[in-house]
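Keep the viewer open as you read.

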Amino acid sequence: MPATNTSGRRKTAVARIYLSAGNGAITVNGKDYTVYFPTLPLQYIVNQAALVAGVTGQYDVKVNVAGGGVKGQAEAVRLAIAKAIVELDAEKKPALRAKGIMTRDDRMVERKKPGRKKARKRFQFSKR
């Protein structure tokens with residue numbers, strides 16, 4: 001089986017993955033995913049697509065991820081893996097969609113406005 005490549009995005013993070021038949025090894029930017037994502041919740045997010053689709057341990061995943069923070073990167077990797085699984089087996093899509101894994105979360109940070117402290121927060125006003 002040739003490698004299937006897809007991409008996933010979340011906030012400003014972009015993950016490009018290469019999924020091929022193997023024994024379940026996930027490599028992120030040249031490191032094992034447990035080293036790159038040290039906390040258990042982030043590791044669960046990365047594995048979630050394979051767990052829901054029931055293909056844990058069947059594919060090796062090589063990931064290049066850039067931008068954003070670690071949570072956004074983990075969610076970008078999850079989306080990319082889900083898209084690759086669906087590309088190989090379309091019957092897995094309803095289960096992934098039911099868990100909300102196939103949907104790209106398009107929420108972004110709102111820009112800072114001029115004359116304000118942050119995007120919506122104002123400076124303190126005193127009438128004295």
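This is a predicted model: local features need pLDDT of at least 70, side-chain atom pairs count only at pLDDT 80 or more; totals for chains, interfaces and linings use all residues.

Phe 37 is buried, at a relative accessible area of 0% (buried means under 20%, with a 1.4 Å probe and protein chains only). Phe 37 also pairs with Tyr 36, edge-to-face, at 5.0 Å centre to centre and 85° between the planes; ring centres must lie within 6.5 Å to pair, and planes over 60 degrees apart count as edge-to-face.

Residues are numbered from 1 along each chain as its sequence is written, and side-chain values use heavy atoms, without hydrogens or water.

Now the sheet. Five strands (DSSP E runs of at least two residues) make an open, mixed sheet in the order β1-β2-β5-β3-β4, pairing taking at least two DSSP bridges. β3 and β5 run parallel over three bridges, and Ile 26 sits opposite Val 61 in β5.

What holds the largest nonpolar core, and which residues touch the most other members? It has 31 residues, with Ile 17, Val 46, Val 63, Ile 81 and Leu 96 touching the most others; such a core joins buried Ala, Val, Leu, Ile, Met, Phe, Trp, Tyr and Cys through side-chain atoms within 4.5 Å. α3, a helix (DSSP H or I, at least four residues), gives the most, nine residues.

Technical notes: Buried means under 20% relative accessible area, exposed over 50%, partly exposed in between (1.4 Å probe, protein chains only). Rings of Phe, Tyr and Trp (its six-membered ring) pair if their centres lie within 6.5 Å; planes under 30 degrees apart count as stacked, over 60 as edge-to-face and the rest as tilted.
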